[in-house]
Amino acid sequence: QVQLVESGGGLVQPGGSLRLSCAASGIIFSLYTMGWYRQAPGQQRELVADVTSVGRTNYADSVKGRFTISRDNAKNTVYLQMNSLKPEDTAVYYCNAFYSGIYWGQGTQVTVSS
């Protein structure tokens with residue numbers, strides 16, 4: 001059974017930082033492209049960043065220079081370091097795994113507000 005469990009969300013002031021984690025089980029983690037998506041109320045889910053099995057990264061234009069995605073294959077975990085957060089980053093953030101199937105986590109809420 002595949003499980004993706006996100007953690008690290010919360011409430012932060014504009015300009016602050018958060019680090020999201022996603023622990024995976026039930027998959028050969030090192031083979032998977034791992035990604036972070038987000039969905040704000042009334043909006044479609046969008047890609048934030050992803051990292052391939054060989055470590056190639058890709059970012060949405062809106063987060064370039066502020067967010068960093070990384071993976072630790074020994075821990076079966078992918079991270080999203082979010083700096084200089086803005087109110088428009090407020091959303092539910094979802095972890096995604098893609099290779100021989102597509103899997104989603106349950107989501108973690110990130111709220112950026114003063």
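I began with the terms: strands are DSSP runs (E, at least two residues) numbered from the N terminus, and two strands pair if DSSP finds at least two bridges between them. I noted that this is a predicted model, in which local features need pLDDT of at least 70 and side-chain atom pairs count only at pLDDT 80 or more, while totals for chains, interfaces and linings use all residues. Residues are numbered from 1 along each chain as its sequence is written, and side-chain values use heavy atoms, with hydrogens and water left out.

I looked up the sheet and found an open one of 4 strands, in the order 1-3-8-7, with antiparallel pairing. Its edge strands, strand 1 (3–7) and strand 7 (67–72), each pair on one side only. Within it, strand 3 (residues 18–25) is joined to strand 8 (residues 77–82) by 6 bridges, and C22 has V78 as its bridge partner there.

Next I asked which rings pair, taking Phe, Tyr and Trp (its six-membered ring) with centres within 6.5 Å, where planes under 30 degrees apart are stacked, over 60 edge-to-face and the rest tilted. I counted 3 aromatic pairs by this rule. Y32 is in the loop between strand 3 and strand 4 (33–39), whereas Y103 is in strand 10, 71 residues apart. Y37 and W104 form an edge-to-face pair, with 5.0 Å between centres and 70° between planes.
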